[in-house]
Amino acid sequence: MATRELEVAVRRREGVAVIDLVGDVNAGAEVELQRGYDEATRDGGPIALNFAAADYINSTGIALIVGLLAQARARGIEITAFGLSDHYREIFEITRLADFMRIADNEDGAVDGAEGGDHA
Amino acid sequence: MAALTRPFRRRFLGGRRAGFQEGVTTERPQAPAPPEQAPVEIAPNDPLLAYFQSASEAVDIDTLELDSPALRELKAAGVKLAVPLVSQGELIGVLNLGPRLSEQDYSSDDRKLLDNLAAQAAPALRVGQLVREQEAEAATRQRFEQELEVARLIQQNFLPKELPDLPGWQVAAYYRPAREVGGDFYDVIPLPDGRVGFVVGDVTDKGVPAALVMSATRSVLRASAQRLIEPGVVLERVNEHLCPDMPEKMFVTCLYGVLDPATGLLRFANAGHDLPYVKTADGVVELRARGMPLGLMPGMDYEEKEAVLQPGESVLLHSDGVVEAHDPDRDMFGFPRLKETVAGAPGGQELIDRVISELEAFTGPDSEQEDDITMVTLERSAGAAQLAPSANGRVLDEFELQSEPGNEREAIARVERAVADLGLEAARVERLKTAVAEATMNAMEHGNEYRADRPVSIRVLHTADGISVQVTDLGDAGELQETESPDLEAKLAGRQKPRGWGLFLIEKMVDEARVTGEGGRHTVELVLRLQGGDDGDT
């Protein structure tokens, strides 16, 4: 199975910057992930990481997400994750990432529940 | 004028030099044709044959006097005029004419016309005969070639259709007969307890006779191998079977080895065959065992020897078509050159490719292959040993991966395929995949430092109570240990680096994770029980 380089796209929905992650969240994703984060947090609003098309997340990918979470917490930006498979949701729980970022079942839940979005 | 109204009839009298033709004439083509007469045969020793051959014109049969049975027959049949058809000094046929219906004698004009006709008809007839002969020869040749092709296909069916997939081993073979069918053969024989018999043999001579002896040898050897196992005893039995029926001046050289893939133990016996080469860390060695070729004389003993193929070692079984190939100056390729090639090449298919390439460079591009060439290689994977003590179980898969970032995805895919039929819950398969990915990444990065010469070996076993995946690198034991347990709060506060999740995830994903190290190898064993798992949160 070949690796699939991560592609990141940022879109805005109701004041929430949704970061769509497509591909593998691994060591090779660092630059693209940071670029997406920078673009999404330009105005300081809440962000939502969409993992629906991220097939593979390894420990290095977890570390990158931890890094983003640390940056966001330092600026008081809320991060929500959605689209996680049951397996990666479990990993977010085991690593306690789920304790420090909100986990939503889907995009609507991620946007509706975000504090600081237009809907709030 | 007489006209030929009936087709030639022809009878060969011992070949085309004594051809014979007969015709009947009539002046009135519209009249009913007279009944066909039986052709008159001229025996090879009949003086009429020599007379016709030397005749330069039409011959009056009535006035001819020779002590010839054929002449008497011609006269009795009412033949009046015989026109020999001679081409390039060879009598290729005779036109026999009966009496003119006008009852007049043939005129000189008639004779001149017939002589002219014969002079023109003879070469044409000769051409026709040659064409027919060539067609017959071509048909015979084509039939022979078809039969050879069938023989080749039958012989190819005797060769293994596929080589065994032995976990931890690479098996490759090469077979190229010098003619359409050959006397070389190789075979792979599955034996009880997972052992495998390997045979390489060479029948003296080539072509169909050698192929027939080869097929007989193969059949007897296969039957004996299943019952007797011990290589020396097997060769003794094959020799006893072959001796009574072996054609004179023919015999078979043969090497037979039984490999236990689990231990690398190779027991072998040799019936006068070229010695196999084993490439070891200390150089190339020969596997020696004494024994006479098969089929020469009954009552022979065959010495039996053993060798243990260590991880990373490979053995080459070969026929003499390799070492006895000649270059344009008639120098032989020879054993030293083959040994050198084995020393300089990796094992498996690459070794075979290297030998063929060296051989072609040696013999030259346009040389005709002198003898059948057969090679079989067995290579034991470099990381196939030093397994953890709990490694007992059925091997579902075993493979190596280059230490390159991203190759853990290949490990995941292979392990997922290997356990697909065991009925694991999807969630537990996902946990195993994550553990395998993390262990493989650790092995590539920390154990092997992403070095090209350090592959990661992975073995998947179905054990009594579950699944064991062993990930082995060539680093020192202990390198996998992460310095501190990951604490997300500490990481978010900058007191720990964001990384350091690998071993943590491994331990959480499987029921048990063990680390063993020995002899420059370091193995992480991931254990997932089929029953009673606690969903990984251990």
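1. Two residues are in contact if their C-beta atoms, placed from the backbone, lie within 7 Å. By this criterion, and leaving aside neighbours within four places in sequence, B:Leu526 is in contact with residues including B:Leu432, B:Val436, B:Val469 and B:Ile506.

2. The model is predicted: local features need pLDDT of at least 70, side-chain atom pairs count only at pLDDT 80 or more, and totals for chains, interfaces and linings use all residues. Residues are numbered from 1 along each chain as its sequence is written, with chains lettered from A and ligands numbered from 1 in the order in which they are written.

3. B:Leu526 is also among the residues with the most contacts inside the largest nonpolar core, which has 75 residues; A:Ala48 is another of them. Such a core is a set of buried Ala, Val, Leu, Ile, Met, Phe, Trp, Tyr and Cys residues joined through C-beta atoms within 7 Å, where buried requires 20 or more other C-beta atoms within 10 Å of the residue's own, these atoms being placed from the backbone.

4. In chain A, an open sheet of 5 strands has the order β1-β2-β3-β4-β5, with mixed pairing. Strands are DSSP runs (E, at least two residues), numbered from the N terminus, and two of them pair if DSSP finds at least two bridges between them. β1 (7-13) and β5 (102-104) of chain A each have a single partner strand, so one side of each is left without a neighbour in the sheet.

5. Within chain A, β2 (residues 16-25) pairs with β3 (residues 47-57) in the parallel sense over 7 bridges; A:Ile19 stands opposite A:Leu49 in β3(A).

Terms used
Helix = DSSP H or I, 4+ residues; strand = E, 2+ residues; numbered from the N terminus. Buried ≥ 20, exposed ≤ 12 C-beta atoms within 10 Å, placed from the backbone.
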